[in-house]
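Hi,

Here is the structure I promised to pass on.

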Amino acid sequence: MVRAGLRNGYMLLLFILAAVGLNEIILLGNDLIAQAADEVLGGQQIDFSTFIIPLVWMIVLGTAASYCKSIFGNHYSAMVQRDVRASLGKHLVRLPFSYFDEKGSGSIMTRLISDMDELGRFFSEILPNLLVNVIAVVTATIYLVQMDVRLIAVLFASYPVMLVVADRLSKKLAWLAQKLRSHMDACNEKAYDAIQGIVIGRSYNLYEVQKKEIDAVIDQKVEQACKSTRISSMGWVLKNIITTIPVILCYLFALYETMQGRITVGEMLAFTVILSRILNPIGDIVFCANDIREAGVSLKRIREIDNQEEERTDGRIHTLSQAGADVPAIEWNGVCFAYGGSKEHAVLKNMSFRVETGTQTAFVGGSGEGKTTIFKLLCGFYDRDEGQYRLFGHPFEEWDLEAARSCFSEVSQNVFLFPGTIWQNVACGKEHATDEEVVQACRNANIHDFIASLPEGYETLVGERGVRLSGGQRQRISIARAFLKDAPILLLDEPTAAVDVEAEQKIQEAVERIASGRTVIVIAHRLSTIRNAGRIYVVNGGKIAETGNHGELLERRGIYAEMYAKG
Amino acid sequence: MGNCWREGEFMRKCMQRDDLNTFFRFMGLMGDRLPVYLGAILISTIGDAGRKIANSYLIQSIVTAAQDKNVDNVLLPVLGNFAVFVVCLLLWRFGIIRYNIEGRTGAGKVEKLVFSKAMRLPMSYYEQNHSSDFMSRLIFDTQKASDIYTSRLRRLLAAVLSTVAYLIPMFYFSWELTLCMVGISLLVFAADSLFAKPLKKAGVRLSDKNKVMLEKLTSILSGMELIKIFPVGARLTQEYETAGREYYQIQKSTNRLSAGLESLNQMFDLIGTLAFLGLGIWFVSLGRVSLGALTALYSLYGTFRYAFLDIGQYLPQMMNCIANAEKLFAFIDMEEEPEQWTQEPVSDDCQDIGEEIMLSVRNVDFSYDSLGGGACNGGGNVLERFSMQVRKGSYVAVVGESGCGKSTLAKLLLGFYPVGAGSMSIGGKAYRNLTLHEIRQLIAYVPQEPYLYEASIAENIAYGRYGASREEVIAAAKAANAHEFITRLPDGYDTVLGERGNTLSGGERQRIAIARAVIRNAPVMLLDEATSALDNESESLVQEAVRKLRGNRTILMIAHRPSTIAAADVVVRVGG
């Protein structure tokens with residue numbers, strides 16, 4: 001990000017030059033007029049035609065400088081944002097999955113979006129404004145110093161007080177605004193809550209109760225706003241009085257200097273004009289500080305993402321060699337794992353198992369026993385803390401992550417569809433997929449007929465602006481995606497948990513079709529779905545507690561048998 | 001000339017009658033506080049303009065003193081003007097506080113009106129409009145419209161009023177120069193409004209592209225798991241970059257436009273300042289104006305110019321807000337759910353039914369088409385000549401394939417929609433003789449996806465019956481097999497649930513929802529696929545909770561699992 005700021009720095013430089021130029025022109029004009037005023041007051045007859053030409057020049061140059069200033073400043077901002085976006089996008093997809101999993105991609109997203117906004121505002125508004133103001137004050141100061149050092153001394157001597165007050169005030173105002181903001185959020189949240197739960201609200205006749213609650217929150221907000229206005233308006237009154245006193249002092253001092261003959265009346269005129277020009281910039285610089293502080297938080301957070309380490313790319317195995325069927329697809333030996341590496345809350349403790357190539361293996365166990373964690377480790381989303389993991393006979397470390405992941409496809413209960421067409425959502429299973437391949441995959445997944453029945457077929461948009469698909473339909477799209485990927489190992493995460501009987505049948509069919517000839521690993525909460533699995537691992541307390549097929553496990557009368565009896 | 005014409009058209013467009021009506025209707029919402037509100041705006045404006053005018057007189061006396069080399073008469077005006085300045089500030093403060101209080105209260109009134117309206121629409125509206133979509137639009141419109149109260153109107157009125165206020169002393173200082181300045185300001189105004197339209201268009205294009213860009217970024221972030229497994233990451237980053245580059249291109253062309261506007265303004269500013277001073281000096285040399293008056297005039301001109309240009313900026317903003325207010329009124333004027341569905345009386349079955357039948361549905365037809373809009377896929381009747389009778393105290397399972405109308409039946413029983421034909425009764429009374437409020441009072445409903453409010457668990461359960469005591473809440477939780485896990489939570493019953501009850505598992509949420517239904521103590525309990533998304537263990541806990549309630553309540557359970565169906569006294573098959 002800093003790099004992007006520096007790389008495009010030449011634009012910023014041009015912007016600064018243009019701003020300085022513009023200020024010089026304005027000061028020059030002032031000077032010219034001050035001289036004229038003195039000549040007039042001195043009783044000379046002045047020839048106005050000599051003024052016209054330089055004035056016209058100043059207007060032309062000033063307009064040009066202003067144009068340059070605006071365009072260079074805005075271009076700079078746009079370029080920096082463009083570069084940051086470009087590098088950020090590439091960076092994001094290379095970050096380890098654990099980063100998103102731990103922070104919750106939802107919160108990363110909202111933060112990132114608002115931070116990007118703030119970043120844009122920093123480069124397009126805050127930074128240029130600050131520079132323009134500083135330039136205005138500096139050029140005016142230099143001009144005034146040449147005129148009369150004492151004037152500038154009075155000005156700057158009386159301003160520290162104002163700066164302190166303005167700073168305090170702006171902090172106070174920001175605090176008040178934030179407080180009001182949180183009241184507003186509370187208010188909106190309350191209303192959202194009531195509407196999202198409208199089915200409950202309606203069927204339980206909660207209208208009166210909820211209206212009362214919402215009204216109370218609104219009243220609190222109004223009260224807070226009234227309180228704020230008393231405080232902030234007093235602040236503004238104070239600020240106005242305090243900023244006016246130095247101005248009056250400056251005027252009086254300028255009058256004194258004129259009386260002493262150190263400056264001419266024309267120069268005093270110029271002084272009052274310039275004073276009115278730089279008063280606002282001085283105030284703004286102070287208020288800028290607050291903005292910069294806020295932007296700084298956002299910039300820091302973006303940099304934090306920027307500095308996050310990317311996933312390893314050092315694996316040397318890039319393709320899956322045709323290993324014999326006798327090599328187990330997956331072999332774990334004493335694997336331990338804890339999220340965040342905390343030893344006390346280990347999820348997997350010394351877990352060992354084998355998944356033979358071409359067979360169906362199931363993991364069962366209560367919720368929170370770490371079944372999903374096994375999948376995450378299999379795909380290399382997280383690294384295990386201890387133990388060995390061999391994928392098709394090779395230690396996992398030797399695999400290139402991308403190649404290792406190309407061995408897996410996943411059908412899970414949470415199906416994510418990208419906003420886009422159905423075609424795109426299926427085709428993302430394989431690079432450069434052809435139309436025929438996509439259609440074939442959809443046929444295999446029992447979803448082609450449904451897609452074909454839509455008016456726009458495969459070009460139908462899904463997501464917020466498109467059709468709303470049922471859970472079963474989404475699931476079958478994800479199965480089609482998996483068909484297209486054609487990976488040797490299939491991970492099934494309870495694919496039929498949330499759908500009804502009819503949908504379950506269609507999905508079951510599709511799943512059976514995709515499972516044939518592959519190594520399949522199933523996570524199941526419902527035991528009825530895994531009765532046919534060749535081998536079942538019962539996970540309990542982060543370990544494999546029981547192993548065997550359905551019949552064997554029932555005979556053992558252990559955890560599995562108990563679970564089965566309950567269901 | 002062309003500009004003037006444009007200007008006229010612009011004003012006419014802005015001031016269309018509808019907009020005015022909307023505006024007056026909106027202001028009318030303030031009721032009898034409106035005069036106080038407007039008075040406060042007037043006072044604060046006078047205070048603000050007054051102190052700036054006082055400042056200009058101060059400058060005049062100082063410069064005059066410098067010119068005359070006579071400081072004897074300076075002190076009095078300086079102190080006097082400062083006093084006026086302070087008085088004006090206090091006046092402003094008084095006005096602005098009153099204004100803010102009245103404005104905020106008015107905005108609160110609008111919000112109450114809108115939110116209570118949002119809770120009273122017919123159910124079909126919520127089904128057809130995604131709640132977060134229409135709520136965010138609604139909240140946006142409400143805030144924008146309330147901005148009229150809390151900022152827009154004052155800004156516009158203050159700009160107009162103070163423009164007039166500044167002109168009076170300015171004409172007094174020198175009418176010739178003032179006229180000249182007003183002329184230049186009009187030119188700036190015209191130039192600004194010339195740029196307004198293309199700039200607005202560019203703004204729309206920018207925000208559209210920005211939306212695309214955000215969508216791509218969102219795809220990357222929320223699809224991260226897929227990106228890791230499927231070869232889609234490169235394409236998504238590519239798309240994001242492309243969107244970003246397109247955004248950049250639009251930004252660049254917008255930059256040229258805004259640079260044009262800015263430099264034009266700067267040009268007029270320079271012309272104004274330099275010509276004013278040049279002309280002023282000439283006037284001074286002619287003796288038509290004093291140097292003091294000239295300086296005072298210049299200081300006022302700066303303020304005048306801003307106020308004047310503000311009119312051009314605030315008027316369209318105001319119009320935008322009025323457009324939001326119009327949308328708001330369209331929402332407020334929408335039809336609400338009636339107290340009772342008015343149905344055509346059906347000849348064959350008008351009378352109420354015997355006491356022993358808790359629920360009766362006779363020959364009911366229903367189609368979503370009649371509600372205007374397809375909430376469900378496809379047209380046609382969802383229920384056709386559907387009948388069923390449920391005895392008091394029985395446990396009924398309703399089964400059927402997906403999309404056959406099981407959930408629709410539940411919604412009809414709750415009175416969410418009017419039936420197309422046929423009749424229904426509850427507790428021996430015909431639906432058409434009951435208000436919707438009365439009907440719902442008799443039913444305790446547990447939907448498939450239990451919604452828990454962002455409140456404590458105790459409050460969530462207590463919503464079942466207004467005024468329920470803590471003991472009753474705990475008893476209900478025990479009946480619903482929820483007490484045990486609730487007490488295990490660090491805050492127990494006072495645990496505040498996060499967004500959508502995220503901190504609890506599906507089974508736990510479902511059991512809280514059942515506790516809510518239990519505490520309602522209604523004769524009918526209606527459960528819509530209450531266990532379909534749960535794992536075996538949670539399901540059996542929920543099932544057990546429901547089983548405990550058998551007997552004194554009539555239980556209607558929509559289900560598809562064999563285990564659920566097996567427990568029921570009667571199985572009703574819908575469709576097929």
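**What I found**

Chain A splits into three pieces: domain 1 covers 1-148 + 293-309, domain 2 covers 149-262 and domain 3 covers 330-566. Keep in mind that this is a predicted model. Between the C-alpha centres of domain 2 of chain A and domain 3 of chain A there is a distance of 54 Å.

Next, the contact between the chains. Chain A puts 112 residues into it and chain B puts in 110 residues. On the side of chain A that touches chain B, the top contributor is helix α8 (residues 207-260) of chain A, with 25 residues. Sorted by class, that side of chain A has 62 nonpolar residues, 29 polar and 21 charged.

Now for chain B as a whole. It has 18 helices and nine strands. The radius of gyration of chain B is 35 Å, whereas the globule rule gives 25 Å for 576 residues; the value is well over that, so chain B is more spread out than a compact globule. Along the principal axes, the C-alpha atoms of chain B fill a box of roughly 110 × 60 × 55 Å. Of the 576 residues in chain B, 44% are buried. If you take the contacts in chain B with a separation of 6 or more, 81% of them link residues 24 or more positions apart.

Six bridges join strand β1 (residues 357-366) of chain B to β2(B), in the antiparallel sense. In one of the bridges to β2(B), B:Ile357 has B:Arg391 as its partner.

How many of the eight residues of α11(B) are buried? Seven are, so α11(B) is largely enclosed by the rest of the structure. Those buried residues are B:Lys406, B:Thr408, B:Leu409, B:Ala410, B:Lys411, B:Leu412 and B:Leu413. After α11(B) comes B:Gly415, with a positive phi near 75°.

Cheers

Technical notes
Residues are numbered from 1 along each chain as its sequence is written. Chains are lettered from A and ligands numbered from 1 in the order in which they are written. This is a predicted model: local features need pLDDT of at least 70, side-chain atom pairs count only at pLDDT 80 or more; totals for chains, interfaces and linings use all residues. Two residues are in contact if their C-beta atoms, placed from the backbone, lie within 7 Å. Helices (H or I, at least four residues) and strands (E, at least two) are DSSP runs, numbered from the N terminus. Ala, Val, Leu, Ile, Met, Phe, Trp, Tyr, Cys and Pro count as nonpolar, Asp, Glu, Lys and Arg as charged, and the others, Gly among them, as polar. Two strands pair if DSSP finds at least two bridges between them. The radius of gyration is taken over C-alpha atoms; the globule rule is 2.2 Å times the number of residues to the power 0.38. A residue is buried if 20 or more other C-beta atoms lie within 10 Å of its own, exposed if 12 or fewer, and partly exposed in between; C-beta atoms are placed from the backbone. Domain bounds come from an automatic or database domain assignment.
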